[in-house]
Amino acid sequence: MEAVAAALGYIPIEPRLTFVDFQDEGLLGLHQSGKILVARKELASISAFVSTLVHEVAHDKGPDGNKNHERAEGDLFGAIIQGLIG
């Protein structure tokens, strides 16, 4: 994910990423002042983790519902898939 994000012009993810236990069980991730918080429980499933991480990283481009955020999610997932299939 780090290489994909870098290739798309994002700042490094790892230094901004923290795993947390949110008080609200429904909260899976949060993008806060450039920092990325992901619920520790998301680590139980690689697909859940990647989905949440992509969503939160895409917030670098805009808030939920914003076209730039939606486009960023698609671009990130597309690049991940491209990397997997070559």
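Predicted model: local features only at pLDDT ≥ 70, side-chain atom pairs only at ≥ 80, totals over all residues.
Numbering runs from 1 along each chain as its sequence is written, and side-chain values use heavy atoms, with hydrogens and water left out.

Helices (H or I, at least four residues) and strands (E, at least two) are DSSP runs, numbered from the N terminus. Two strands count as paired if DSSP finds at least two bridges between them.

So, the sheet. It's open, three strands, order β1-β3-β2, with mixed pairing. The edges are β1 (17-20) and β2 (29-32), each pairing on one side only.

β1 runs parallel to β3 (residues 35-39) over four bridges, and Val20 has Ala39 as its partner there. β2 pairs with β3 in the antiparallel sense, again over four bridges. Ile36 turns up here too, as the partner of His31. In the β2-β3 hairpin, with two residues between the strands, Ser33 takes a positive phi near 50 degrees.

How enclosed is β3 by the rest of the structure? Largely, because four of its five residues are buried, meaning under 20% relative accessible area with a 1.4 Å probe, protein chains only.

Last stop, His69, in helix α3 (residues 67-85). His69 is buried too, at 2% relative accessible area. Beyond its neighbours within four places in sequence, its contacts (heavy atoms within 4.5 Å) include His55, His59 and Asp64.

How values were computed. Buried < 20%, exposed > 50% of the residue type's maximum accessible area, 1.4 Å probe, protein only.
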